Amino acid sequence: MMLETGADLNRDRAWMRDLRRLALFVGKRLVALVVTVLVGVYLTILIANMGGKVDELRLVQIKTAAAEQIRADPAFHDLPSAEREALMQAQVQLEVDRLRLDEPFIWRSFDYLYQAMRLDLGRAEEMHSDAGSRQVYNIIVERLPATLLLFGTANLLVFFVSVYAALGLSRRYGSKLDRAVIGLAPTSAAPAWFYGIFLILLLAFVVPLFPAGGMVAVPPPDDPWAYAASVLKHLALPVTAMFVAQIFISIYSWRTFFLIHASEDYVEMARAKGLPDRLIEQRYILRPTLSPIVTSFLLMLIGLWSGAIILEQVFNWPGLGTLLFEAIGHRDTPVIIGSVVIFAYLLAATVFLLDFIYAVLDPRVRIEGGRQ
Amino acid sequence: MSQNGRERSPMSPWREGFRRLRRYPSALVGVLIIAGLVGTALYAVLAMPYSEAQKLWRGGEVWYDLPVNASPVWLDRLTGGQAPPTLKVSSRDAVTTTREFENVTIQQLILPFDFYYQQFPSELNLFLEADFTQRQPFVRLAWHTPDGLEIPLGARRIGAAERISISQDQILTRRLGLPPQIGLFAQDQSSGVAPGQSPAVRQGSYQLVLETVHFEPDTEIRAELVAYGRVHGLAGTDHQRRDLLVALLWGTPVALAFGLIAAVGTTVTTLVIAAAGVWYRGWLDAAIQRLTEVNIILPLLPILVMVGTLYSTSIWLMLGVVVALGIFSAGIKMYRAMLLPIREAPYIEAARAYGAGGGRIVLRYMVPRVLPVLIPTFVTLIPTYVFLEASLAVLGLGDPVLPTWGKVLHDAQTQSALYHGFYYWVVGPALLLMLTGLGFAMLGFALDRVFNPRLRNL
């Protein structure tokens, strides 16, 4: 009885120690990540404002707009020019006060940073969502489903097909199929939009099977099934382009990865023991390689967020990439910063999650906290 | 003892590696493609100086005698077509007869040319130059078809330099019932061509007769008739009459230089920085690590787009940003992992024993050790950057003055080339991009299998 309690106590103490180290490790990582995000977002704010130069452009814009407004309004036509001038000044001053353009940029940049970190994305300057909202949040959320649909479909397809195919190929490497995949791997040097152009050429113009761009037919069908069918039809070409561009290199790298792990001594040992292939694959190859697989899966999910500017441009897809490109074109800094901030947060959260999972699963990380 | 000694030995890893490389057919194909591209680049730079390429690509009057959106000649001939190239007749090879009158000279110029093609010209322009001091000469134009028909093309006063767009003459179009560049070359309409059916070409020798009335003694006019074709050269032309061959040729050195500099710039600096971090440890290593983490959060393409939109789209600025952002990339973590065990290697200790400084150890001992592993990465990176440049150009952020493949693609995209059926416009630059990508990737993959020790036995 006493002995059992002692063991329990010991186990408890070990537990506590592990937990403390884990907390220390997690805390350190958390601080590092927050600082990382802080610096990254601040850099983005600096670049998107051209280090404050955008303000000068903005001021000129405000002045012209005010002058134009007063000149065009017939109510002010009879006013003497000095009064009109004063009116204009007052209008400009109002705008300047609203945007706090009279303060030095550095102060405002920290203010922007504070707002961005609180995810208070604010209002867009030029752009608005299709529903008419000027809130950056609404603008981004409106585009999100389109991007998630396209990139989610394509990346999930590429990921699972390539991991599965790579496992199959690593089982019989050196075969004709294996060599064909290796031979085709260099085709992935070209990005997806490049294949997109050819797919549009072949399957939209030479043989008009699929629409050349857009997400749904114009006007959109009322029937939900017809709507879904139309979206699927529009989805076919961009998804194919992304699939073709990534699949071979993806299979190749996973195959190499599995082969390297399949030649470890413990796998040879298992083979020598005469274990069945399937068991070797599941217990001796897949289990130790699980963490890189999970990592790349999660990073792929995060990668969805940024979309792909050019692929969306080529296929005229109303996603986040197109949004970002338009925002940059309009110099609409709140929208640019908003999408970068969300990307940074998602990435940091994923990295943190991965660190945490590794720390829990991998005993080596746990020890590191206690090593002096 | 050091580097040179090892390299001279017969089984140096480099020579051994290249000997192995020769056994991969894909590497040979890759090298051939790269050699071809380098040859093209050299030819482009030698045949057409930088400033001339820029001037040509700016367009305008330089290209007055080229058709708009003409496809390559070989494409048409391969598909069995017989589309006309651009035909030019100048008054230099014309028959001139002059009759003198009181105060007035009447000069007759006959511009003859043969037209034996299956398709109509795309455009018809007449360029006139006259020298006079006060009174402009007067010219009357007439079109003579092979079977003796005469079609008057109107009469007008001419200035010092003038361009008469015959194919845009509204009155003539109404009279012929067809656009002039078709109507003037068509078979007799009286036999009746059903509406919607295209008329056939009347082949034979045509003449444009110019009857000029000069009001001043010793004045002359020079005329040049240009019947713009439907095909041109090896690469065709774009919507501004520019010969695409200029861009395709000059795009090669630009693409190679951009890819090479960006790849070398990022990989070598990344490696050196990683090695320095590993060797000096402490705050330097920590700073490098944190910088890398910050940089991974920043999305590359949006930042490039931002820089391009807000600052300048000069290719050199873009290159600088790419290199700057590429230095602290995820690669640093990889090299760090490779270099950590090397730091403890006995040969480094030996170097320290003879008194080598930190810089010497980093540059002469640590970096060369991982360089072979770096080479495949470096070769496969080149096409990535080539495509990055093309991507920026496709977004409209290409260098404003330099002709590049990406800019041709961008023009094609904005002019809806695919929709209008100008496939050559897209296929030409795309094929070159693809070749570049394939060439470097094939070589890079083979190098990877040779130099990467873990892959060697697979």
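**Conventions.** I number residues from 1 along each chain as its sequence is written, and chains are lettered from A and ligands numbered from 1 in the order in which they are written. As the model is predicted, local features need pLDDT of at least 70 and side-chain atom pairs count only at pLDDT 80 or more, while totals for chains, interfaces and linings use all residues.

**Domains.** I looked up the domain bounds, which come from an automatic or database domain assignment. Chain A is given domain 1 (51-118) and domain 2 (142-370), and the C-alpha centres of these two domains of chain A lie 46 Å apart. For chain B the assignment gives domain 1 (13-55 + 242-457) and domain 2 (84-228), with 55 Å between their centres, taken over C-alpha atoms.

**Where the chains touch.** I counted two residues as in contact if their C-beta atoms, placed from the backbone, lie within 7 Å. The contact takes 38 residues from chain A and 35 residues from chain B. On the side of chain A that touches chain B, the helices that each supply at least two residues include α1 (2-48), α8 (224-262) and α14 (333-361), and α1(A) gives the most, with eight residues. Helices here are DSSP runs of H or I with at least four residues, strands are runs of E with at least two, and both are numbered from the N terminus. By class, this side of chain A has 30 nonpolar, eight polar and no charged residues, where Ala, Val, Leu, Ile, Met, Phe, Trp, Tyr, Cys and Pro count as nonpolar, Asp, Glu, Lys and Arg as charged, and the others, Gly among them, as polar.

**Helix pairs.** In chain B I followed α8 (residues 244-280) and α11 (residues 315-327), which pack at an angle of about 30° with their axes 9 Å apart; axes are lines fitted to C-alpha atoms, for helices over the stretch in contact, and angles run from 0 to 180 degrees between N-to-C directions. α8(B) and α11(B) are therefore roughly parallel to each other, since angles under 35 degrees count as roughly parallel, over 145 as roughly antiparallel, 65 to 115 as roughly perpendicular and the rest as oblique. Among the residues that meet are F258(B) and I261(B) in α8(B), and L319(B) and V322(B) in α11(B). The residues of this contact of α8(B) with α11(B) divide into nine nonpolar, five polar and no charged.

In chain A, the axes of α5 (residues 136-171) and α13(A) come within 8 Å and cross at roughly 140°, and α5(A) and α13(A) are therefore oblique to each other. I139(A), R143(A), L144(A) and T147(A) in α5(A) meet L320(A), G321(A) and L323(A) in α13(A).

**Strands of chain B.** I found four strands in an open sheet, in the order β1-β9-β4-β7 (chain B), with antiparallel pairing; two strands pair if DSSP finds at least two bridges between them. β1 (87-90) and β7 (161-165) of chain B are the edge strands, each pairing on one side only. Within the sheet, β4 (residues 123-130) and β9 (residues 221-228) of chain B pair over eight bridges, and E129(B) stands opposite R222(B) in β9(B).

I also looked up β5 (residues 138-144) and β6 (residues 150-157) of chain B, an antiparallel pair with six bridges, in which H144(B) has E150(B) as its bridge partner. β5(B) and β6(B) form a hairpin with five residues between them, and G148(B) in the turn has a positive phi of about 85°.
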